[in-house]
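Hi there,

Here is the structure I promised to pass on. Have a look at it, and then read on for what turned up in it.

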Amino acid sequence: MAGDKAAVFILLGQSNAVGRGRMEEQEQIVVPLKNVYGLDRDPNLSFSEQRLVWSHFRSSGMNLGETADHTGSVSDYLAKLYQEQIDRGAGLPDLYTVQIAVGSQGVTRRYMWNPEYGKKLIPGALGTVDIALYPFTLHIFQLLADFFRQENKELEVMGIHWIGGENDACEDRGALLPLKSIYCEIFSGFRRILGEVPIILHRLVCADRMNDLDPSGQYLRNMHEINAVFEQLAAADPGIRIFDPTAAPYYIPGIRGNGIFQSDAVHFTKEMNRWKAEKILSDFMNGLCGGAGRQ
């Protein structure tokens, strides 16, 4: 029965995980969704809290990273689509979303996702926010595991979706040398708490942006190297998969931005984030209906 289960979607990373659009007023989720929950910033943005405070989902206040609202993130569209499915009669369990993302923050040496980043938690908008994202995420995950254990609910995990890496591509070659070991440390930490949950790495395809920033081509080569690390991680672990944005129907090879990015050639359009959400939900529902495979 759906009441004995809970679906969980986790979205982590940098600006494309935040969302860099602005939902139209009619799209914005201002009336909290009945069957979808998220984590409000105010009661949950802390290292000291010992219990998560869930709220019915809105498209504002639900990112435990930077303070940007109604951004048209994958999480926003997934929540909306999921509720629509339940309203149509789909026998889905309630959905719990966790979004932790700050723009311009990678995993290499000077960024907030680096495991060695000094422990701090300063909330705010991009440019002000300063959070040690890795230990903070571990803290949230521990509270997440505790919550569902206490609720005695069976989890249907859509996966930990990692949408990031663009800023790491803009570092010097030396910064990328430990990249694989950094990701291994981060993902091992996540799984130490949540178990063998699937991890989905969104492939970097912002070649035009890399060339804009560095006509020499080094940033583009770095981007390919990051994707190669993603592929190595996926090849070594069946629980790690690659999400390919070029599979979207909007993708057009050979033009600037490829039809999937905004004019800056690095931030996905709202249509792309909605497509990603549709794909994630479709895969999840197919797994549920088929009785095998969990996204």
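Predicted model: local features only at pLDDT ≥ 70, side-chain atom pairs only at ≥ 80, totals over all residues.

Is Gln28 buried or exposed? Its relative accessible area is 16%, and buried means under 20%, so Gln28 counts as buried. The side chain of Gln28 also comes to 3.1 Å from the backbone oxygen of Met23. If you skip residues up to four places away in sequence, Gln28 touches Arg22, Met23, Ser59 and His70.

Another glutamine to look at is Gln99, part of strand β4 (residues 94–101). Gln99 has a relative accessible area of 5%, which makes it buried. Which backbone oxygen lies 2.8 Å from a polar atom of the Gln99 side chain? That would be the one of Ala17. Beyond its neighbours within four places in sequence, Gln99 is in contact with several residues, including Leu11, Val18, Met62 and Asn63. Leu64, Ser73 and Ser75 are among its contacts too, and so is Ala17 itself.

Now for a couple of backbone angles. Most residues other than glycine have a negative phi. Asn258 is not a glycine, yet its phi is positive, at about 55°. You'll find Asn258 in the loop between β9 (240–243) and α9 (270–290), and its relative accessibility of 11% puts it in the buried class. Ala265 belongs to the loop between β9 and α9 as well. Its phi is near 65°, again a positive value in a residue other than glycine. Ala265 is buried, with a relative accessible area of 2%.

Then go to the start of the chain. Asp4 is in the segment before β1 (5–13). At 47% relative accessibility, Asp4 is partly exposed. Where does the chain come back to it? The C-alpha atom of Pro93 is 7.8 Å from that of Asp4, although the two residues are 89 apart along the chain. Asp4 also touches Asn152, Lys153 and Glu154, leaving out residues up to four places away in sequence.

Finally, the whole protein. How many helices and strands does it have? There are nine helices and nine strands. The radius of gyration is 18 Å, close to the 19 Å that the globule rule gives for 295 residues, so the protein is as compact as a globular protein of that length. Along the principal axes, its C-alpha atoms fill a box of roughly 55 × 40 × 40 Å.

Of the 295 residues, 56% are buried. Among contacts between residues at least 6 apart in sequence, 75% join residues at least 24 apart. The protein exposes about 12,200 Å², and carbon and sulfur atoms supply 49% of that area. As for charge, there are 29 positive and 36 negative charges, and their mean positions are 1 Å apart.

Cheers

Key. Residues numbered from 1 in each chain as written. Heavy atoms only, no water. Helix = DSSP H or I, 4+ residues; strand = E, 2+ residues; numbered from the N terminus. Rg over C-alpha atoms; globule rule 2.2 N^0.38 Å. Buried < 20%, exposed > 50% of the residue type's maximum accessible area, 1.4 Å probe, protein only. Contact = heavy atoms within 4.5 Å. Areas by Shrake-Rupley, 256 points an atom, 1.4 Å probe, with all protein chains shown as cover. Lys, Arg positive; Asp, Glu negative; His and termini not counted. Charge placed at Lys NZ, Arg CZ, Asp CG, Glu CD. Polar contact = N/O pair within 3.5 Å; in protein donor to acceptor, adjacent residues only side chain to side chain.
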